[in-house]
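This report describes one chain of a model and its interface with a partner chain. The structure is shown first, and the account follows.

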Amino acid sequence: MITVKQLAKRFRVENPKKLTAQEKADPRLKGPFFYSVEDVSFHCEKGQVLGLLGPNGAGKTTTLRVLSSALKADKGEIAINGHNVADSPAIARKSIGFLSGNTGLYGRLTGRENISYFARLHGMSAKETEHRVQELSDMLDMDAWLDRRSEHYSSGMKQKTAIARAVVHSPSVVVLDEPTTGLDIMATQTVMDFIRHLKAQNTPVIFSTHHLDEVAELCDQVTVINLGRTQYMNDIAQFRGAGQSMNSAFMNILRGEG
Amino acid sequence: MWLVVQKELKELLRDRKTLFFMIALPMLVFPAMFGAIGYFTSKALDDAQNKVLKFAVLGGQHHPELVQQISDDASFELVSLAEPTDFKQQIRDKQLDFVIELDANAAGAVLDVGQSTVTLYLNDAGLNMVETRIKEYVATLNENKRQQAFETLSVPESKQLALLKPVVLEKDNIAEARENWGEKIGGLIPYMLFILCLQGAMVPASDLAAGEKERGTLETLLLVPLDRTQLVLGKFVVVLIAAIVAALVTIFSMGFWGLMIGQGMAITFIQDMMTQIAVIDYILMFVMLVPVASIFAAILLSLSIYARSYKEAQSYMSSLILMVILPIVVAMAPGITLEGIWAWVPLTNVALAIKELIKGTMDYFALMGILTSTLVIAGGLLAFCVYWFKQEKVLFR
């Protein structure tokens, strides 16, 4: 279970003089700081998939980076299974599995070595690691090529390896930042199947994307972020409304008509 | 931290580019350098010694026997000069190797005509043995004239030497041969050591931070429950190992190839030089290199952490090479010794200390001071590197 309350994250503007007129007019620019995230809240229960939507630069990636403790929040609260991320980032990191569309692999390592390295960094023993990697390999059908160097993998193989790496430590929450961006149809399908699998296992998933068809297919909850603030939060049925297409519903919310 | 070290080393050893800069390049530089210097120097000297020199004589009528003696030597070829002629231009145009001009007193007895002058015109800019070879004839001429004078004056043989040189200045150079050649070439060794050390660390440093950012693996790595200090220290250790391995291979290569080529090509100078440096001095050179390698590793890793891509990191690092060369070149300048302010200038002091170790004149107590100050700088830079790695604005630029 994940709860995010009134999250804010700001960055100091390095060269204020170089800002364009449009950037200067952005309401998130306050003095020497730019608020990438100003007031974001959402909640995701066990077994739910929450779609995080928003235009480019809305603050989705920053929100997910703070959620996964890569960045520190300036304000607000994040709780994962009752643990406050700011107070115990190590526990939060153990609880989260993170994957994005542009997550890379160590090309000179094999897929097995890539996954095992992260398992060991998560504190798993050599034996546990071996067992878990084999389990994931069977589940994602990776056995035939897992011991080849990952620099020779296809995009589908790479994405399967990245998925296995993200969940090797059996996280209780999975965060996906545009996981299908730049992927071909087969690799996208692998990710979609993976999300379905997590949902079946009752694992909460936070899922940011620009593909509304994926949201329609997988998500239970939708949160729309715009200009660093939560602009909409409801279940998928309410989001769609009566007879609306996903695109129309999304655009209406951005225009403030939703 | 050791998991990071282990993994990074595994990746490093699978990277051909890194292996080349870390091991192959230092192994190849010294045979190439010693071999090329030895081969070309001995070949040039040999050529200069055996070359048939074309020469002309002005005032040959003043000592036809001398002209005949030189002409009879198969390694000289007499060329007649057309009158009038610009013989200096002919020398510049390489039509002639030299011209000698004999004055009217050339053949006369020294007691009758006094001193005589033989003028040698040559282009002395390049390597040549003209003066050496012609000096032999002038020396014989001198000897003959002296003997003739002594006989005329009836000077006994026992007094002849004293008459020629009533007072002799005897020079006793207490500097050992090692100190002499150490002074001449000792500055070059740290120059190569530092540059190779830096080269060896550059590729892994670029890969371990900027490369991770570019590949998209750094963000994933930041999400593991490992303190960022441990993560960056793990990376630092690997860059340091790469720099030290490059330095070790460099020192080993220098010693090994110096001896091999010295023996193989009978270049006793190189052989003598290498064998005279004590094992302890080689060890101390390595010990001095460790903090230098740490300085390089910390700076390179900090630059790499700041860079958005591998290419950006490499461009920052290219500028660093110039900054490293400057203090080493200062150490190579004549008159700069390990005294006063120079004992406190980072890198320059280590370069000077290595030079002193090669010369065999190092004050080991002073070495401790240099080692300590360099370690303090390395520690400060490492602390900065760790701080830098924890900065969100740097990691997520």
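## Burial and basis of the model

Of the 397 residues in chain B, 47% are buried, that is, under 20% relative accessible area with a 1.4 Å probe and protein chains only.

The model is predicted, with pLDDT of at least 70 needed for local features and 80 or more for side-chain atom pairs, while totals for chains, interfaces and linings use all residues. Residues are numbered from 1 along each chain as its sequence is written, chains are lettered from A and ligands numbered from 1 in the order in which they are written, and side-chain values use heavy atoms, without hydrogens and water.

## Fold and dimensions

Chain B contains 17 helices and 4 strands, taken as DSSP runs (H or I, at least four residues, for helices; E, at least two, for strands). The C-alpha trace spans about 100 × 50 × 35 Å along its principal axes.

The radius of gyration of chain B, taken over C-alpha atoms, is 31 Å, whereas a compact globule of 397 residues would have a value near 21 Å. The globule rule is 2.2 Å times the number of residues to the power 0.38.

## Interface with chain A

In chain B, 24 residues are in contact with 29 residues of chain A, contact meaning heavy atoms within 4.5 Å. The two chains bury about 2700 Å² between them, 57% of it on carbon and sulfur atoms; this is the accessible area (1.4 Å probe) lost on being put together, summed over both.

On the chain B side, B:Arg14, B:Leu223 and B:Pro225 lose the most area to chain A, together 26% of what that side buries.

Methods
Buried means under 20% relative accessible area, exposed over 50%, partly exposed in between (1.4 Å probe, protein chains only).
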